[in-house]
Amino acid sequence: MAHIEFLDQTIRDGQQSLWGMRLQAGMALPAAPWLDKSGFRVIDLTGSNHFEVLIRHCRENPWEMMDALVEAMPRTVLRSGMRSNASVTFRTTPDALMDAWMRQLNVHGARSFWIYDVLFNIDKMLRLAKVAKEFGSEVAGAIMFSMSPVHTDQYYADKVAKLAVSTDIDTILLYDTAGVLDKERLATLLPVIVANAHGKPIEFHANNILGQSGKAYLDSIPLGVSILHTASRPMANGPSVPSTESVVANIELLGHTHDLAKGFLQPVADHFERVGKAAGFPVNQHNEYSVLSTLHQIPGGMTGTLKAQLAQHNMSDRFEEVLREIAVVRRELGYPGMATPFSQLVGTQAVLNVVTRERYAIVPDEIVEYAAGYYGEPVAPIQPDVLDRIMSSARAKEVMASPPEQPTIQELRKRYGTDDDDELILRALMPESDLEKMRAAGPLKRNFPMLSSPELNEVPRLIKTSTLPVLHYRNDGLSLTLKR
């Protein structure tokens with residue numbers, strides 16, 4: 001029997017997968033004390049895409065939100081995630097800015113990090129790990145799993161060995177964004193990961209898109225996994241990770257032990273269910289098994305983005321066609337792992353191929369940069385005819401004439417007119433117009449008004465039931481206008 005530690009994903013991957021990163025401070029702070037007392041090994045807190053959404057859509061300062069949550073959860077180690085060569089953008093970010101980003105996350109209280117790179121630029125991953133170690137932080141080296149003919153067990157064994165040999169890597173994180181790992185593949189994959197991990201603990205994160213990740217968690221324990229990523233039940237399952245409640249119950253039945261204080265799990269679940277329903281966000285999700293998902297392997301959080309892109313072109317009925325096209329584009333581009341940025345790049349190219357009715361007639365700059373090796377070396381060669389179409393596209397010459405730059409931190413501070421690295425990061429990542437709107441919104445809101453207002457609780461119902469382009473609702477205490 002094994003002792004299992006739990007890493008909470010409620011306010012990071014759970015809300016990313018289900019709420020599109022729209023979680024604000026006031027939605028999470030009331031539940032923070034319960035989460036903090038629950039006994040999680042680590043609570044995953046935020047990532048760069050969350051920063052972008054908070055600024056652009058929620059008008060909330062992400063540094064202030066992070067500070068508030070860190071203060072509210074003093075007992076537990078808090079985690080942030082980093083892609084090795086980029087922050088918010090789907091393109092690449094200068095190394096000096098990435099190093100500054102890592103330092104500031106530590107300054108604001110993160111003490112655990114998962115660092116990933118879908119193309120496994122190991123040198124960049126380890127450079128960031130070394131920066132984290134300046135603060136004594138824990139670092140998980142991520143193995144982003146993808147299913148393809150070239151993503152063999154030996155391929156992953158090599159990557160694990162190169163990460164685990166570093167004293168700056170504390171754990172190895174097996175990360176299955178598409179939730180495709182089953183008992184058969186785990187039986188061959190995990191032994192080679194464990195064998196090359198130099199005795200370092202193995203974490204397992206699997207998004208439950210196919211409805212089989214809870215079973216995969218149980219199958220992984222006898223094979224050497226000791227840290228499982230779960231979320232509070234309303235924020236779990238569907239495209240999110242399995243629920244803490246179900247995994248805890250299952251491992252107990254199998255005789256495994258854990259340190260969670262289960263009495264705090266229900267108040268957390270009750271709170272986020274209320275928040276989700278009040279805000280009109282999905283909760284308590286479940287997915288059915290789909291063979292098509294094993295082919296395109298897009299992360300659950302991308303589904304809404306793809307549907308929105310098609311809706312802009314009045315082509316919502318062609319969603320399944322896009323999913324099939326994603327599987328084809330992924331194969332043609334050399335099977336990039338389907339996590340940020342490549343899940344988005346492959347998805348966007350597939351949408352363009354379907355919308356224009358001429359494959360690769362329009363090629364985004366990022367696809368050109370990928371083909372040029374700016375992100376790193378592709379896992380497998382790009383198909384020659386597709387590579388020709390990409391490199392002969394209208395924008396290819398301009399993109400190739402402007403390779404990624406590597407300014408120093410001093411040059412970046414001068415460019416953005418600040419010596420405050422918190423401000424530097426915000427200015428480098430977001431347009432000034434968005435930052436101005438964020439500042440104009442005022443100080444951090446520490447509560448979520450919709451939980452206490454009967455009138456506002458009616459908003460989700462009005463949104464769902466009304467077909468009018470404009471709806472105005474008014475009573476003595478509220479005046480509300482909804483526009484489509």
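In strand E8, Val225 is the bridge partner of Ile202. All the views below come from a predicted model, so please read each of them as a prediction.

**View 1. Strand E7 pairs with strand E8.** Here we look at the pairing around Ile202 and Val225. Strand E7 covers residues 202-206, and three bridges join it to E8. The two strands run parallel. Helix H10 (residues 213-220) belongs in this picture too, as E7, H10 and E8 together make a right-handed β-α-β unit.

**View 2. Strand E1 also pairs with strand E8.** Strand E1 is made up of residues 5-8. It is joined to E8 by four bridges, and this pair is parallel.

**View 3. Strand E8 is largely enclosed.** How many of the six residues of strand E8 are buried? Five of them are, so the strand, residues 225-230, is largely enclosed by the rest of the structure. The cut-off behind the word "buried" is a relative accessible area under 20%.

**View 4. Helix H7 packs with helix H8.** What describes a pair of packed helices? The angle between their axes and the distance between those axes do. For H7 (residues 122-133) and H8 (residues 153-164), the angle is about 30° and the axes are 10 Å apart. H7 is therefore roughly parallel to H8, since angles under 35 degrees count as such. H7 passes H8 in a right-handed crossing. On the H7 side, look for Ile122, Met125 and Leu126, which meet Lys159, Lys162 and Leu163 of H8.

**View 5. Helix H6 crosses helix H21.** H6 spans residues 95-107 and H21 spans residues 421-429. Their axes come within 10 Å and cross at roughly 130°, and the two helices are therefore oblique to each other. H6 passes H21 in a left-handed crossing. From H6, the contact is made by Leu97, Ala100, Trp101 and Gln104. H21 brings Asp421, Asp422, Leu424, Ile425, Ala428 and Leu429 to that contact.

**View 6. Asn106 sits in helix H6.** We stay with H6, where Asn106 has its place. Is Asn106 buried or exposed? Its relative accessibility is 0%, so Asn106 counts as buried. If we leave aside its neighbours within four places in sequence, Asn106 is in contact with Arg111, Phe113, Ala132, Phe135 and Ser137.

Note on methods: Residues are numbered from 1 along each chain as its sequence is written. This is a predicted model: local features need pLDDT of at least 70, side-chain atom pairs count only at pLDDT 80 or more; totals for chains, interfaces and linings use all residues. Side-chain values use heavy atoms; hydrogens and water are left out. Buried means under 20% relative accessible area, exposed over 50%, partly exposed in between (1.4 Å probe, protein chains only). Two strands pair if DSSP finds at least two bridges between them. A crossover is right-handed if, with the strands pointing away from the viewer, the path from the first strand over the helix to the second runs clockwise. Axes are lines fitted to C-alpha atoms, for helices over the stretch in contact, and angles run from 0 to 180 degrees between N-to-C directions. Angles under 35 degrees count as roughly parallel, over 145 as roughly antiparallel, 65 to 115 as roughly perpendicular and the rest as oblique. A crossing is left-handed if the near helix is turned anticlockwise from the far one by less than a right angle, and right-handed if clockwise. Contact means heavy atoms within 4.5 Å.
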